[in-house]
Amino acid sequence: PHGHGHPGGPPGPSADGVPNLRLVAWETTRRCNLSCVHCRAGAEDEEYPDELTTAEGEAFLDDLATMGKPIVIMTGGEPLLRPDILHLARYGHDLGLRMVMAVNGTLLTPAKVRELKQAGIQRMSISIDGPDAASHDRFRGQEGAYQGALAGMRAAKDEGLDFQINTTVTRGNLGQVEAIQESAVALGAVAHHIFLLVPTGRGRALTNEIISAQEYEDVLNWFCDKRGQV
């Protein structure tokens with residue numbers, strides 16, 4: 001459940017009465033060091049052509065700053081693999097945008113967390129899709145991903161950078177969501193967010209893992225009852 005909802009309050013309407021843009025998820029790169037089974041981008045650890053240049057990224061952020069100062073989630077792929085990610089984070093922060101970042105956690109070190117804080121990142125989200133190494137690593141396609149994510153969370157906590165845990169709910173981990181929720185509390189996350197599996201990209205192979213509408217409603221009701229724990 002949300003510790004503070006989205007990482008920032010909703011902006012009010014603009015002068016012409018049109019609601020301001022509230023939240024943008026920017027897929028800054030397709031490159032990733034993991035091969036998660038549900039990845040909508042089918043991301044691999046390789047260079048991808050035609051991604052925005054640094055100048056194009058700056059122009060994109062300039063445009064966003066005219067639309068109500070939204071929260072900008074820098075995601076991927078794995079955004080920490082983009083060489084100019086710190087520059088772009090600082091650029092957006094200096095425009096008055098609330099810059100946050102979604103990572104898999106395996107590349108977070110104390111030094112990297114300090115750099116992210118200095119660049120203006122105000123919250124990290126780190127994905128955990130199982131309550132233990134066996135379940136999470138299977139989902140993430142790499143042995144050691146769970147321990148890497150835990151190490152990243154410890155680094156964030158030690159350096160004073162808020163982090164939340166994100167979980168994609170599937171038939172395989174539906175029965176483990178409560179254990180993941182308990183882990184989020186124990187690890188010091190400021191929030192725990194759950195997501196519905198979308199069968200696109202590599203996720204197309206997981207059609208049988210999609211939970212039913214009733215199961216999703218049930219887990220959302222349970223999740224709502226847990227509001228305030230994290």
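Modeller: E159 forms a salt bridge with R114, with the closest N and O atoms 3.0 Å apart. A salt bridge here is a side-chain nitrogen of Lys or Arg within 4 Å of a carboxyl oxygen of Asp or Glu. E159 lies in helix α5 (residues 145-159) and R114 in helix α3, so the pair ties together parts that are 45 residues apart in sequence. Helices (H or I, at least four residues) and strands (E, at least two) are DSSP runs, numbered from the N terminus. R114 counts as partly exposed, at 37% relative accessibility. On that scale, buried is under 20% relative accessible area, exposed is over 50%, and partly exposed is in between (1.4 Å probe, protein chains only).

A word on the source. This is a predicted model, where local features need pLDDT of at least 70, side-chain atom pairs count only at pLDDT 80 or more, and totals for chains, interfaces and linings use all residues. Residues are numbered from 1 along each chain as its sequence is written, and side-chain values use heavy atoms, with hydrogens and water left out.

Helix α3 (residues 110-118) also holds both K112 and E115. They form a salt bridge, the closest N and O atoms being 3.2 Å apart. Three residues separate them, about one turn of the helix. K112 is partly exposed, with a relative accessible area of 24%. E115 is partly exposed too, at 34%.

Now compare the setting of D84 and R82. Both are buried. Their salt bridge has its closest N and O atoms 2.4 Å apart. The whole structure has seven salt bridges by this search. Side chains of opposite charge can pair when their charged atoms come close.

Cysteines are another matter. The search finds zero disulfides (a disulfide being a pair of cysteine sulfur atoms within 2.5 Å). C32 counts as buried, at 8% relative accessibility. C224 counts as partly exposed, at 46%.

Next, the backbone. Most residues other than glycine have a negative phi, and most peptide bonds are trans. D50 has a positive phi of about 70°. D50 sits in the loop between β1 (23-27) and α1 (54-64), and is exposed, at 79% relative accessible area. The peptide bond from G76 to G77 is cis, with omega near 10°.

Last, confidence. The protein averages a pLDDT of 88 (the predictor's confidence in each residue, from 0 to 100). Over residues 1-10, pLDDT stays under 50.

Key. Contact = heavy atoms within 4.5 Å.
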